[in-house]
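Hi,

Here is the structure I promised to pass on.

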Amino acid sequence: MRTPLVIGNWKMFGTLAEARPLATGVRDGLRRVRGADVALCPPFTALAAVGEIVRESAVALGGQTCHWDAAGAHTGEISPGMLVELGCRYVLLGHSERRKEIGETDDLVNRKVKAAIAHGLTPVLCVGETAEERRQGLTFTTVEGQLRAGLAGIPAETIAQGVLAYEPVWAIGTGQNATSAQASEVHGYLRGLLSELTSKEIAQAVRILYGGSVKADNAAELVAAPDIDGALVGGASLKVADFVAIAKHAARAATAPRGA
Ligand code: PGA
């Protein structure tokens, strides 16, 4: 049984003035919620402040990316160890916005995944097809390529510690989420691939999150699907009530019979 995981990806939102009340609201709103793991990924500049607020609560902290080197002459970058020092447990890697805007390649993402693991962080490897790729019937080809490349050279036991996120690019920030059936199809495919790369047991243990326009009113249906183990939430994670509602849906799905 996989514990659902709900991650708030704040992207480049959240000055300290905004981040503090948001993190406080999420922490307090989820104080009595059991059954789902929850993490917040604020911008780097708010990590320390948010970390202070969620310390000793059930809400974990994550970075939105990191460099592959432990230290070095990399102006503007943040190392995995720096994230660990601030209390991060997770790091998002290979988000489509970074692949597209910053030019992150599969090879680079792979190096980052390895570095994150070496520092004890849980990588959240993001994969997903564009609208054009889906139209051309290349959804499985795309996510398979990203998954295989992202996890290349990583031993099976180590893959077991990671998290995957299926985020169709056409669903991110568009208000057009993948249906539960569309997401389930890809999640099942990814789990099959994981099984091939590792073992059936490990593939069954790895959490695969869905991301892309997850909102308070569509989360319940998405997280109820047997292969969807939680959500990576962008826009809706910037509103306390919405994010808390999504996390509660995930917690409820964990206690309800799967697929019900
Ligand atoms: P969205 O973003 O929820 O705003 O669509 C999701 C993500 O990019 O992780």
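**Around the ligand**

Of the 13 residues around the ligand, the ones that come nearest are K11, H95, E167, G173 and S213 (a residue is near a molecule or strand if one of its heavy atoms lies within 4 Å of it). Before you go further, keep in mind that this is a predicted model, where local features need pLDDT of at least 70, side-chain atom pairs count only at pLDDT 80 or more, and totals for chains, interfaces and linings use all residues. Residues are numbered from 1 along each chain as its sequence is written, and side-chain values use heavy atoms, with hydrogens and water left out.

Which kinds of residue make up the shell around the ligand? Four are nonpolar, seven polar and two charged. (Ala, Val, Leu, Ile, Met, Phe, Trp, Tyr, Cys and Pro count as nonpolar, Asp, Glu, Lys and Arg as charged, and the others, Gly among them, as polar.)

Now for some polar contacts (pairs of N or O atoms within 3.5 Å; within protein, one must be able to donate a hydrogen and the other to accept it, and residues adjacent in sequence count only if both atoms are side-chain atoms). H95 has a polar side-chain atom 2.7 Å from an oxygen atom of the ligand. In the side chain of E167, an N or O atom is 2.7 Å from a ligand oxygen. G235 uses its backbone instead: a polar atom there is 2.8 Å from an oxygen atom of the ligand. Taken alone, the ligand exposes 280 Å², and the protein buries 97% of that (areas come from the Shrake-Rupley method with a 1.4 Å probe; for residues, only the protein chains shown count as cover).

K11 sits in the loop between β1 (5-9) and α1. It counts as buried because its relative accessibility is 19% (buried means under 20% relative accessible area, exposed over 50%, partly exposed in between, with a 1.4 Å probe and protein chains only). Leaving aside neighbours within four places in sequence, K11 is in contact with residues including C41, Q64, H95 and G234 (contact means heavy atoms within 4.5 Å).

**The whole protein**

Stepping back, the protein has 12 helices and eight strands (DSSP runs numbered from the N terminus: helices are H or I with at least four residues, strands E with at least two). Its radius of gyration is 17 Å, which agrees with the value near 18 Å that a compact globule of 260 residues would have (taken over C-alpha atoms; the rule is 2.2 Å times the number of residues to the power 0.38). Buried residues make up 52% of the 260. Residues 24 or more positions apart account for 73% of the contacts with a separation of 6 or more.

A19 belongs to helix α1 (residues 16-29) and is buried, because its relative accessibility is 0%. Not counting residues up to four places away in sequence, A19 touches W10, G14, A46 and V50.

Both A46 and V50 are among the buried residues of helix α2 (residues 44-54). What do the buried residues of α2 pack against? The list is α1, β2 (37-41), β3 (59-63), α3 (80-85) and β4 (88-93). After α2 comes E56, with a positive phi near 65°.

D37 is in strand β2, and it is partly exposed, with a relative accessible area of 30%. Its contacts, leaving aside neighbours within four places in sequence, are T3, P4, L5, V6, Y90 and R207.

Cheers
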